[in-house]
Amino acid sequence: QVRLVESGGGLVQNGGSLTLSCAASGRTFSSSTMGWFRQAPGKEREFVSGISWSSTTTAYADSVKGRFIISRDNAKNAVYLNMRSLKPDDTAVYYCAAEFPFTLTRAMGEPRHWGQGTQVTVSS
């Protein structure tokens with residue numbers, strides 16, 4: 001019912017910046033929360049960031065706090081992830097996600113909707 005499409009991934013140098021975008025579409029879309037997860041080679045998928053509908057509440061994994069900024073534009077059904085000071089450890093497939101609870105630093109449930117993922121590679 002909901003389609004999430006990420007864009008903006010690519011190759012960036014260590015210390016560089018990159019912004020990911022996620023566009024949501026479908027007959028209905030009423031996700032109260034959206035955010036990002038990532039999966040690096042050999043690792044489990046992990047929570048990166050979340051944002052409430054009103055953008056008044058945001059959450060970040062400890063590994064990205066202070067470097068990544070999440071934002072959303074409800075009129076465009078879009079969510080963004082501005083990533084700066086990127087490190088090789090940030091290399092992963094990044095997935096947009098919708099409808100999941102979160103606390104300050106972690107997700108508390110499985111997202112109801114997933115995007116297809118976009119590759120982010122940070123060179124050393």
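Predicted model: local features only at pLDDT ≥ 70, side-chain atom pairs only at ≥ 80, totals over all residues.
Figure 1. Phe-47 belongs to strand β5 (residues 46-52), whereas Phe-100 sits in the loop between β9 (92-98) and β10. The pair thus links distant parts of the chain, 53 residues apart.

**Figure 2. The ring pair of Phe-37 and Trp-114.** Six aromatic pairs are found in a search of the whole structure. In one of them, the ring centres of Phe-37 and Trp-114 are 5.0 Å apart and the planes stand at 65 degrees, so this pair is edge-to-face; the cut-off for that class is over 60 degrees. Phe-37 has 7% relative accessibility and counts as buried. Trp-114 is partly exposed, and its relative accessible area is 26%.

**Figure 3. The aromatic cluster.** Ring pairs join Phe-37, Phe-47, Tyr-95, Phe-100, Phe-102 and Trp-114 into a cluster.

**Figure 4. An open sheet of four strands.** The strands follow the order β1-β3-β8-β7 and their pairing is antiparallel. At the edges stand β1 (2-7) and β7 (68-73); each has a single partner strand, so one side of each is left without a neighbour in the sheet. On average, and with direction ignored, neighbouring strands of this sheet are turned by 15 degrees against each other.

**Figure 5. Pairing of β3 with β8.** Strand β3 (residues 18-26) runs antiparallel to strand β8 (residues 78-83), and six bridges connect them. Leu-20 has Leu-81 in β8 as its bridge partner.

**Figure 6. The protein around these views.** The secondary structure consists of 11 strands and zero helices. The radius of gyration is 13 Å, close to the 14 Å that the globule rule gives for 124 residues, so the protein is as compact as a globular protein of that length. Its C-alpha trace spans about 40 × 25 × 25 Å along the principal axes. Of the 124 residues, 43% are buried. Among contacts between residues at least 6 apart in sequence, 57% join residues at least 24 apart.

Technical notes
Residues numbered from 1 in each chain as written. Heavy atoms only, no water. Pairing = 2+ DSSP bridges. Helix = DSSP H or I, 4+ residues; strand = E, 2+ residues; numbered from the N terminus. Axes fitted to C-alpha atoms, helices over the stretch in contact; angles between N-to-C directions. Rg over C-alpha atoms; globule rule 2.2 N^0.38 Å. Buried < 20%, exposed > 50% of the residue type's maximum accessible area, 1.4 Å probe, protein only. Contact = heavy atoms within 4.5 Å. Phe/Tyr/Trp six-rings, centres within 6.5 Å; stacked < 30°, edge-to-face > 60°.
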